[in-house]
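Colleague: Could you take me through one part of this model in detail, namely the charged and aromatic side-chain pairs? Please state the cut-offs as you go.

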Amino acid sequence: VLNNADITSSDSAAILVLEAKKKVVVALAENTTNTVTDNTRTTDTSKYKAVIYSKDDIVFNGTGTLVVNANYYHGIKGNDDLKIISGTYVITSKQDGINCNDSTLIKDGNITINAGDDGIHSDYALVIDGGNINIKQSYEGLESLYIIINDGNIDVTSSDDGLNIGMRHITLSTCGLAPKIYELADLHLGITLSVSLHAPNE
């Protein structure tokens with residue numbers, strides 16, 4: 001539980017999780033503002049390139065605020081799954097605001113990010129079920145192999161792609177208007193086409 005914590009590290013992650021039996025939970029106490037900061041390092045030898053670095057699943061919840069100042073590299077880094085259930089997050093990072101090697105789930109919360117590279121980067125999947133996400137500065141706003149947005153308010157400012165996802169992972173569903181399908185094919189977008197048939201002779 002972070003209860004008005006103020007943690008600064010000069011040579012590694014301010015919060016470092018090397019091993020957890022199942023997962024680690026970072027809870028933000030109600031009506032608190034918690035700050036974690038790392039400093040610019042003169043060499044690129046640190047293995048833990050984030051202010052908050054977890055080798056196992058990590059979950060963030062609570063109703064408080066977490067301020068992340070990443071002067072060296074990423075803001076929050078998860079080697080496994082990363083979940084944000086609730087809370088308020090203000091992240092300023094030299095590289096990615098949030099970086100995950102597996103899947104990232106955002107259930108709710110208020111997230112503000114100023115990033116030098118990606119706002120939120122998740123190697124496998126990024127699922128957003130709700131919350132308010134404001135990426136004020138980034139190179140690419142949201143980047144993942146699969147991006148699923150079910151709900152939420154998302155505002156992205158980026159110098160390249162706001163939403164970066166491989167075209168081959170996009171599926172377009174249609175009832176099957178043949179002339180339009182031919183037009184789509186001529187665009188050579190590389191997306192997957194899903195056609196709904198409503199009769200056996202269609």
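Modeller: What follows takes the salt bridge and then an aromatic pair. The model is predicted, so local features need pLDDT of at least 70 and side-chain atom pairs count only at pLDDT 80 or more, while totals for chains, interfaces and linings use all residues. Residues are numbered from 1 along each chain as its sequence is written, and side-chain values use heavy atoms, with hydrogens and water left out.

A search of the whole structure finds one salt bridge, a term that requires a side-chain nitrogen of Lys or Arg within 4 Å of a carboxyl oxygen of Asp or Glu. Aspartate 129 forms this bridge with lysine 107, and the closest N and O atoms are 3.4 Å apart. The pair links distant parts of the chain, 22 residues apart, with aspartate 129 in the loop between strands E14 (118–128) and E15 (132–137) and lysine 107 in the loop between strands E12 (103–106) and E13; strands are DSSP runs of at least two residues, numbered from the N terminus. Aspartate 129, at 25% relative accessibility, counts as partly exposed, as does lysine 107 at 38%, where buried means under 20% relative accessible area, exposed over 50% and partly exposed in between (1.4 Å probe, protein chains only).

Turning to the rings, tyrosine 73 is partly exposed at 26%, whereas tyrosine 72 is buried at 7%. The charged end of lysine 49 sits over the ring of tyrosine 73, 5.3 Å from its centre, the rule being NZ of Lys or CZ of Arg within 6 Å of the ring centre and within 35 degrees of the ring normal.

Terms used. Helices (H or I, at least four residues) and strands (E, at least two) are DSSP runs, numbered from the N terminus.
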